[in-house]
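Subject: Structure handover

Hi,

Here is the structure for your files. My notes follow below it.

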Amino acid sequence: MLAVRGSRAFLLAPGETQETDLGVLELPEDVTPGTVVETHLDEAFEVRRLRGPDLFDHLERTGAPMMPRDIGLVIGHTGVASGDRTLDAGTGTGVLAAYLGRLGVGVTTYERDPEFAEVARENMSTAGVSDLVDVRTGDLTDELDELEGGYDLLTLDTGDAAAVVGRADDLLASGGFIAVYSPFVESARECVEAARSAGLAEIETLETIQRRMDFDDRGSRPSTAGVGHTGYLVFARFLPDVG
């Protein structure tokens, strides 16, 4: 759960304590969301249930996680939903896997780095989705011949994504989607070419750009702070010809 006061937010389990500049905070074992707890200096914090966007801020990071805006596009473009099965590669922090798990999606995700994989497992426990997300240590490309396939969604965030896209017809159920994230346009192009060679349909590439708006007494305009670009998303669909 989150213990929140203003801009302060601490991720704690019931029974845990946290030293803060406002005193020592201890969550009761039977704490529930909406409860107000006080530090030993009588400073109040509100207890909140951990929600999806909180995962991005509070999961332990092993690298740059996928941004919520990109995750939203993946979910929106593929329509992935509760009961679906996703095959994922490039787990990293596991933010995408955690989001999907909280939707009720079963996720099998591969992470090459054993230490990163272990952190991802801990993050899945924090997100409450360990029963839905299977974090495997290894390279997905080494396991392609062993997987049974029939996945509804294939999500990739790896440098060799194009090689996996080329096997999408073996991995996806009819009507299933691929969604590939890449920070570089060259990798996105390789995935598009692989999707074409594999006979996939509805191939589409999007650059993710988002700008915040500033409103003040002088007027309204896009913010000049921050970088609006995060990366490229390649989508495609497996629609076998049965005619």
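Strand E1 (residues 2–5) pairs with strand E6 (residues 44–48) in the antiparallel sense, over three bridges. Ala3 has Val47 as its bridge partner in E6. Strands are DSSP E runs of at least two residues and helices are H or I runs of at least four, numbered from the N terminus; two strands pair if DSSP finds at least two bridges between them.

This is a predicted model, where local features need pLDDT of at least 70, side-chain atom pairs count only at pLDDT 80 or more, and totals for chains, interfaces and linings use all residues. Residues are numbered from 1 along each chain as its sequence is written, and side-chain values use heavy atoms, with hydrogens and water left out.

E1 and E6 belong to an open sheet of four strands, order E2-E1-E6-E5, with antiparallel pairing. Strands E2 (8–11) and E5 (36–38) stand at the edges with a single partner strand each, so one side of each has no neighbour in the sheet.

Now helix H8 (residues 185–197). Its 13 residues should span 18 Å at 1.5 Å a residue, and the end C-alpha atoms are 18 Å apart, which agrees. The expected span is 1.5 Å times one less than the number of residues.

Buried residues (under 20% relative accessible area, 1.4 Å probe, protein chains only) in H8 are Ala188, Cys191, Val192, Ala194 and Ala195. The face turned away from the buried side carries Glu186, Arg189, Arg196 and Ser197, which are exposed (over 50%). After H8 comes Gly199, with a positive phi near 75 degrees.

Best wishes
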